[in-house]
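Please read the numbered points with the sequence and the model in view.

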Amino acid sequence: MPITKLKPRTTVPREEIVIARQMHQALVLHYMEGLTQAQIADQLGISQATVNRLIKRGRQLGLVEIKIKSPVEPLVDMEERLRGLGGISRAVVVPAVSDNPQIALQAVGEAAARLLTQEIGDGDTICITGGKGVSAVVAGLQPPRRFDVEVIPATGCVQGKHYTDVNHVSTLMAERLGGRSYQIHAPLFADDAEQREMLINMRSVADVFKRAREAKVAVVGIGSILTDDSSYYDLHPSSSTDRATIERSGATCELLAHLLDRRGQVCEYSLNRSLVSLTLEEFALIPTKIGVASGPNKAGPILSVMRGNHLDTLVTDEATGARILEIASEEGFSA
């Protein structure tokens with residue numbers, strides 16, 4: 001009977017075991033306990049150069065996996081999901097810091113203000129609407145330097161409450177940025193479509209809108225319509241008494257004082273035809289359009305504006321973002 005020769009057992013050389021153990025110790029001490037290479041060398045009784053080689057080799061062999069968890073990771077995920085709905089190319093979501101809607105709006109305004117100063121440069125033109133959202137942006141501005149910019153109203157003016165007066169808001173923004181503002185001397189609403197055409201073609205008004213159309217950046221609010229705290233009813237004396245007609249028109253939101261339906265399309269409503277403002281077609285040609293809105297009651301309006309593809313960037317808060325996603329899921333809305 002033939003005798004089968006057994007292959008000699010292979011053993012790991014002792015020195016390799018020692019090196020592997022030292023490598024593991026060095027990696028644990030460096031990455032888990034935070035020791036310096038000099039401290040590790042003293043503890044293991046080897047040279048600092050050897051420690052350096054052990055750590056480097058351990059990384060090369062894939063023995064170290066580093067995972068960094070960001071405190072804003074949930075917000076980044078929410079921003080991606082909002083972009084995934086379509087209608088915007090960028091979302092900025094600020095964390096929920098308070099149940100107080102004014103505090104939340106302040107945080108959103110500050111985030112939009114930081115974004116604005118990153119977007120603009122000397123010689124640029126910014127066109128804006130009035131409203132609480134844009135006023136919060138102005139309040140949050142802390143520019144790193146003076147900007148030689150122009151700030152232009154995108155709509156006619158409504159005097160009364162400070163946030164509805166676009167001339168007032170544009171003046172404040174220009175002062176904070178170090179630029180200059182242009183005033184519009186026309187009301188937000190004409191008496192009828194014929195008077196609107198007359199006002200739009202007045203030289204002083206036409207010049208303002210020409211500059212607005214040439215803007216590099218627009219900063220606008222997104223208005224709610226179906227809630228009692230809607231600012232839209234501060235814009236025209238008859239709008240509050242005409243609320244039933246507004247609701248019958250299918251209006252769900254307001255953008256540049258245009259009433260839009262849930263698909264983001266302009267409603268058939270009389271005040272839309274007498275509006276002294278950039279048209280949404282003109283607004284669409286501005287390269288960067290930043291929408292600012294905060295509050296769960298703004299979630300539906302924001303979603304309507306997104307459906308209409310009117311904005312490039314949305315700045316909002318965490319609670320509002322969550323509500324937008326919830327509504328979109330309930331309605332089966334996707335890009």
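1. The contact of helix H2 with helix H3 joins Gln37, Ala38, Ile40 and Ala41 of H2 to Gln48, Val51, Asn52 and Ile55 of H3. By class, the residues of this contact are 5 nonpolar and 3 polar, with no charged residue. The model under discussion is a predicted one.

2. Helix H2 covers residues 37-44 and helix H3 covers residues 48-60; their axes come within 8 Å and cross at roughly 110°. Angles of 65 to 115 degrees count as roughly perpendicular, and H2 and H3 are therefore roughly perpendicular to each other.

3. Helix H5 (residues 101-119) and helix H6 (residues 132-140) pack with their axes 7 Å apart, at an angle of about 65°. The crossing of H5 past H6 is right-handed. On the H5 side the contact is made by Leu105, Gly109, Glu110, Ala112 and Ala113, and on the H6 side by Lys132, Gly133, Ala136, Val137 and Gly140. This contact has 5 nonpolar, 3 polar and 2 charged residues.

4. On the chain as a whole, the model has 14 helices and 10 strands. The protein chain has 335 residues, of which 49% count as buried. Among contacts with a separation of 6 or more, 69% are between residues 24 or more positions apart.

5. The largest nonpolar core has 73 residues, and the members that touch the most other members are Ile126, Cys127, Ile128, Met173, Val219, Leu255 and Ile324. Helix H5 gives the most to this core, with 7 residues.

6. Cys127, one of those core residues, is found in strand E2, residues 125-128. Is Cys127 buried or exposed? Its relative accessibility is 0%, so Cys127 counts as buried. Apart from residues up to four places away in sequence, Cys127 touches Ile152, Ala154, Ala212, Ala215, Val217, Ala218, Val219, Leu278 and Ile286.

7. Thr320 lies in helix H14, residues 318-331. Because its relative accessibility is 0%, Thr320 counts as buried. Which residues are in contact with Thr320, leaving aside its neighbours within four places in sequence? They are Ser294, Gly295, Pro296, Ala299 and Ile302.

8. Leu256 has a phi near 50°, a positive value in a residue other than glycine. Leu256 is placed in the loop between strand E7 (253-255) and strand E8 (258-260). With a relative accessible area of 1%, Leu256 is buried.

9. Asn309 also has a positive phi, near 55°, and is a residue other than glycine. The loop that holds Asn309 runs between helix H13 (299-307) and strand E10 (313-317). Its relative accessibility is 55%, and exposed means over 50%, so Asn309 counts as exposed.

Conventions
Residues numbered from 1 in each chain as written. Predicted model: local features only at pLDDT ≥ 70, side-chain atom pairs only at ≥ 80, totals over all residues. Heavy atoms only, no water. Core = buried A, V, L, I, M, F, W, Y, C linked by side-chain atoms within 4.5 Å. Buried < 20%, exposed > 50% of the residue type's maximum accessible area, 1.4 Å probe, protein only. Helix = DSSP H or I, 4+ residues; strand = E, 2+ residues; numbered from the N terminus. Contact = heavy atoms within 4.5 Å. Axes fitted to C-alpha atoms, helices over the stretch in contact; angles between N-to-C directions. Left-handed = near helix turned anticlockwise from the far one by under 90°. Nonpolar A, V, L, I, M, F, W, Y, C, P; charged D, E, K, R; others polar. Parallel < 35°, antiparallel > 145°, perpendicular 65-115°, else oblique.
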